[in-house]
Amino acid sequence: MHKRGGVGLAAFDRQEQSKRSFAELSTQLSQSQVDNLHAQLNQFRTALAHFATTHRDSIRRDPAFRHAFQQMCSTIGVDPLAGPRKGGWWAEMLGLGDWQYELGVQIVDVCVSTRERNGGLIEMEELLGMVSKLRGVGSGEITEEDVVRSIKTLQPLGVGYQVVSLADGRKMVRSVMKELDEDQAVVLAIAQQEGGRIVEEILVKRKGWTRGRARAALENMLLRDGLCWLDEQDEEYGKAYWVTSAMKWDI
Amino acid sequence: MGANQSIPKITPQDRAILDLKLQRDKLKQYQKKIQVVLEREQAIAKAHLATGQKDRAVIALRRRKYQQSLLLKTDGQLETLEELVSTIEFSLVEVSVLHGLKQGNEVLKEIHKEMNIESVEKLMDETQEAREYQREIGELLANNLTADEEDAVQDELMQLQAEVLREESADGVELPSVPTHEPIAVENTPAVPAREETRERVALAA
Amino acid sequence: MSFSTFTTPTGFLLPSVHSAPPFFTQQPYPGTNATVTEQWITLILAYARHRKLFVLRVEDAEITDNDWQEVVRNERINRKLLPSYLSSIIATMVSKNLATYDPPGQTRSALLYWRLPEEWAEVLHGWAISTGQLNTILTFYEIADPPIPSPLSNIPINLLRKAIAVLAKTGRSQLIAVADGEGVRLFQGK
């Protein structure tokens with residue numbers, strides 16, 4: 001450029017040069033900013049990874065600690081426990097993503113293996129007990145909250161796992177694609193109190209239902225959804241329904 | 001009976017044994033029946049006694065006695081049958097043993113045919129010859145060496161032995177020389193030839 | 001209230017489902033019915049093995065005082081298996097080759113296969129070997145009612161016949177018939 005340039009062009013040249021310098025400076029600045037950020041991020045990552053590795057066992061084993069960790073992470077907008085995909089590299093780096101999925105698989109295992117005796121509806125307490133048994137003593141305690149979270153991670157699979165809350169506050173996990181209508185939820189709650197047995201009469205007396213409504217709800221559960229067993233030898237009424245998920249077994 | 005691999009033909013003996021055993025089974029079943037009758041008659045007698053019908057009780061007991069005599073008779077028959085079956089089965093075993101002995105005898109004969117005295121003697125002679133031959137070769141080989149050659153062989157042997165010994169003792173001698181790191185190292189100089197002397201001595205000794 | 005296992009006077013451990021009242025009713029929902037029937041079949045075969053029972057009749061659910069009393073009834077909860085349901089359970093067992101109608105041509109009485117004929121064949125063969133009765137002519141009666149009790153004591157003749165037929169396929173048995181009846185001879189085989 002200099003070879004070609006005269007005096008008039010020198011000013012332009014200078015301008016060009018200063019422009020270049022500014023650009024350089026700006027890149028330098030932003031570079032240093034990026035570097036700084038990278039450094040910070042690295043530091044944070046190392047710190048979190050360090051935290052996670054030193055406390056991984058506690059996170060896996062201790063439900064209270066896990067809860068605290070969960071809250072801490074969610075305030076900074078990451079969720080390492082949400083599974084490999086949702087948790088992104090956080091999950092992978094901290095080695096915790098599998099935890100939630102593993103629990104999910106165990107929940108599915110229990111739900112499927114008990115389905116034929118409870119019609120795909122299992123009480124939260126029983127589910128917790130059986131999953132804990134499956135996990136063995138070494139893997140630490142799990143809570144209702146963990147199960148609820150895991151079931152949420154199962155949702156994208158479209159298998160219809162759902163947590164159902166009963167009128168008395170108890171929770172049940174449903175593993176079949178059937179909608180529980182309100183009447184059935186009522187029936188379920190009463191059956192829970194009765195050890196599984198339910199007859200039209202109870203619904204009529206306690207809930208003020210018409211006999212037709214009671215019969216429809218029970219017959220639907222029996223014949224449409226396979227949620228209960230029929231007993232044709234009931235001493236009191238001759239015919240009783242037994243909600244399988246509410247029946248308690250000593251195994 | 002000897003061969004298990006193929007199913008044997010059903011012989012008239014087989015049928016006879018089966019017939020006997022079936023008769024025996026019938027007797028056993030008959031005995032069972034009588035046993036039941038005996039118990040029933042006794043129950044009847046008891047019942048009659050309880051209601052004071054002594055005559056009827058006596059009749060029931062009489063019937064019982066008769067059945068008992070039948071049972072005794074069948075016992076005797078059963079014994080005869082069982083004995084007969086056992087005897088036949090044992091005879092069959094004897095036959096098969098005899099058959100086995102016969103076969104064994106044949107085999108033994110065959111073997112003896114192979115082992116007659118002449119061929120054994122011949123074999124022994126041949127063995128003797130072979131041994132002689134072997135000895136001759138050995139002698140020939142030994143005699144073919146001249147006295148010088150024999151000496152050379154002995155020398156080589158001695159040398160080899162010496163080498164072996166040297167190798168062994170060399171390892172052994174170097175061990176004690178290691179800890180001589182005392183500051184008074186002046187006497188080290190005579191120590192070295194001393195070591196060489198030892199070596200030579202060892203070599204000579206071998 | 002929960003359902004628990006129970007040990008019967010004959011020493012059989014009834015599963016907890018046996019103390020659940022609806023267990024004794026045939027279920028109208030097909031999926032449930034399949035599950036419950038499956039549990040009945042397992043229970044029936046286990047009990048048959050425990051008591052060495054070979055025959056199950058629809059009648060066993062109709063009359064009291066029979067070998068199946070402890071299973072087809074539960075006095076503690078006042079329930080009994082209804083004959084119609086027992087008949088359906090037997091039909092399922094026959095369809096799964098866990099039983100066979102015996103005599104054939106009716107559906108009121110069945111022979112239970114808590115051992116399959118193939119398994120009985122091996123039991124029979126093993127017994128003949130261990131008691132030194134290979135190559136000997138045996139009557140069905142002396143196999144099914146031996147002087148010393150054996151695993152084959154009281155085996156129904158029809159089942160025994162099936163087991164013998166299985167052994168015949170591998171050249172390990174030979175049927176012998178005379179005017180008065182039948183017998184069998186067993187061999188070592190390959």
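In chain C, strand E7 (residues 109-112) runs antiparallel to E6(C), and three bridges join the two. The model is predicted: local features need pLDDT of at least 70, side-chain atom pairs count only at pLDDT 80 or more, and totals for chains, interfaces and linings use all residues. Residues are numbered from 1 along each chain as its sequence is written, while chains are lettered from A and ligands numbered from 1 in the order in which they are written.

**Sheet of chain C**
- Three strands of chain C form an open, antiparallel sheet in the order E3-E7-E6; strands pair if DSSP finds at least two bridges between them.
- Helices (H or I, at least four residues) and strands (E, at least two) are DSSP runs, numbered from the N terminus.
- Strands E3 (55-57) and E6 (99-101) of chain C are the edge strands, each pairing on one side only.
- From one strand to the next, the twist averages 30°.
- Opposite C:Thr100 stands C:Leu111 in E7(C).

**Interface of chains B and C**
- Contacts (C-beta atoms, placed from the backbone, within 7 Å) link 13 residues of chain B with 15 residues of chain C.
- Helix H1 (residues 12-50) of chain B gives the most to the side of chain B that touches chain C, with eight residues.

**Chain A**
- Chain A has nine helices and six strands.
- Among contacts in chain A between residues at least 6 apart in sequence, 48% join residues at least 24 apart.

Key:
Axes fitted to C-alpha atoms, helices over the stretch in contact; angles between N-to-C directions. Contact = placed C-beta atoms within 7 Å.
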